[in-house]
Amino acid sequence: MRFDKLKKQLELLILLSDSSSYTVNELCEKMDLSRRNFYYLLDFLKQAGFIIFKNEGCYHIDRRSPFFIDLLQAVQFSEAEVKTIYSLLQMIGKDSDTANQLRKKLENAYDFSVVANSPIRKQMESNLKVLKRAMERKKMVRLIGYSSPNSRSVRDRIVEPFLLLNDNQDVRCHELLSHTNKTFKVSRMEDIEELDTSWLHEDKHRQVFTDIFMFSGEERHHVRLRLGLLSRNLFIEEFPQGTKYITPDGDGKWILDIDVCDYRGLGRFVLGLFRDIDIVEGDDFRAYMRKEIDALAEKNV
């Protein structure tokens, strides 16, 4: 008897956790319950801490209930990770049975199918498909109604898309009008049209690079420095992610072999520890440091 009661409680829990909401009559029919017994089980779940809401005559369990919070933390997927996985599954299409099953499980477990299937999400997925196809075929595209907060304008752009960034949220393109490479947000495009025109400026396509000092640019500059114990320790303390760029050089010295896109970040570090650092490779960096030192000396004369 006690087992049958527990079975019904779990059965109701599963049904109320489904992404499809059910009315009282539908739940009673599925569980072979009277309305009186249904409300008895419903009260039990509420007392157990589950947050249950009713919307347009249908019942559902709120995902903010403590049980679900603990469960999702145990799975160890963040909301952003789950949405990324779901978006990738959406782009696969509906021809894969495995992908369809995984999508259904994610919808049931995380209850974000409404957001994923929103008009904005659908438009973004459509835009991504066009972008990927254009990149594969090396074709230009027209970004229709692109909203730019920088220029405070909404207009069409003719571009050569060549690189997706930030989990497919952004796309790197060469814009024909400005003759420069720019990063565009997929969500700011009303629509995309693939043009029957092949790339004309592939030799100018450049990936954007962010160095360890958080300066960004298309060009990378290679520099090799010999660090003493003090500069080596301070570099690791200030930029722990840069440890991989340091190798021992014997006699209490270390080599810092690094690419930067702007000399200002590295220059600040070297200028503060110049007695403990030698420039091994990087003539342009040497010239930059001479100008900085000359400017500093002239300023303080």
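A residue counts as partly exposed when its relative accessible area falls between the buried range, under 20%, and the exposed range, over 50%. With that in mind, the reader can follow the charged pairs of this predicted model, which holds 16 salt bridges. Side chains of opposite charge can pair when their charged atoms come close.

One of these pairs joins Asp170 and Lys185, whose side chains meet in a salt bridge at 3.2 Å, N to O. Because Asp170 belongs to strand S6 (residues 170-175) and Lys185 to strand S7 (residues 180-185), the pair ties together parts that are 15 residues apart in sequence. Asp170 is buried, at 6% relative accessibility, whereas Lys185 is partly exposed, with a relative accessible area of 33%.

Another salt bridge brings together the side chains of Arg206 and Glu219, at 4.0 Å, N to O. Here Arg206 sits in the loop between strand S8 (191-198) and strand S9 (209-210), and Glu219 in the loop between strand S10 (216-217) and strand S11 (221-227), so the pair ties together parts that are 13 residues apart in sequence. Arg206 is partly exposed at 32% relative accessibility, and Glu219 is partly exposed at 47%.

Strand S11 also takes part in a link between distant parts of the chain, since it holds Arg224, while Glu281 lies in strand S14 (residues 277-281), 57 residues apart. The side chains of Glu281 and Arg224 meet in a salt bridge at 3.7 Å, N to O. Glu281 is partly exposed, with a relative accessible area of 38%, and Arg224 is partly exposed as well, at 24%.

Finally, Arg133, Arg137 and Glu194 are connected through a network of salt bridges.

Key. Residues are numbered from 1 along each chain as its sequence is written. This is a predicted model: local features need pLDDT of at least 70, side-chain atom pairs count only at pLDDT 80 or more; totals for chains, interfaces and linings use all residues. Side-chain values use heavy atoms; hydrogens and water are left out. Helices (H or I, at least four residues) and strands (E, at least two) are DSSP runs, numbered from the N terminus. Buried means under 20% relative accessible area, exposed over 50%, partly exposed in between (1.4 Å probe, protein chains only).
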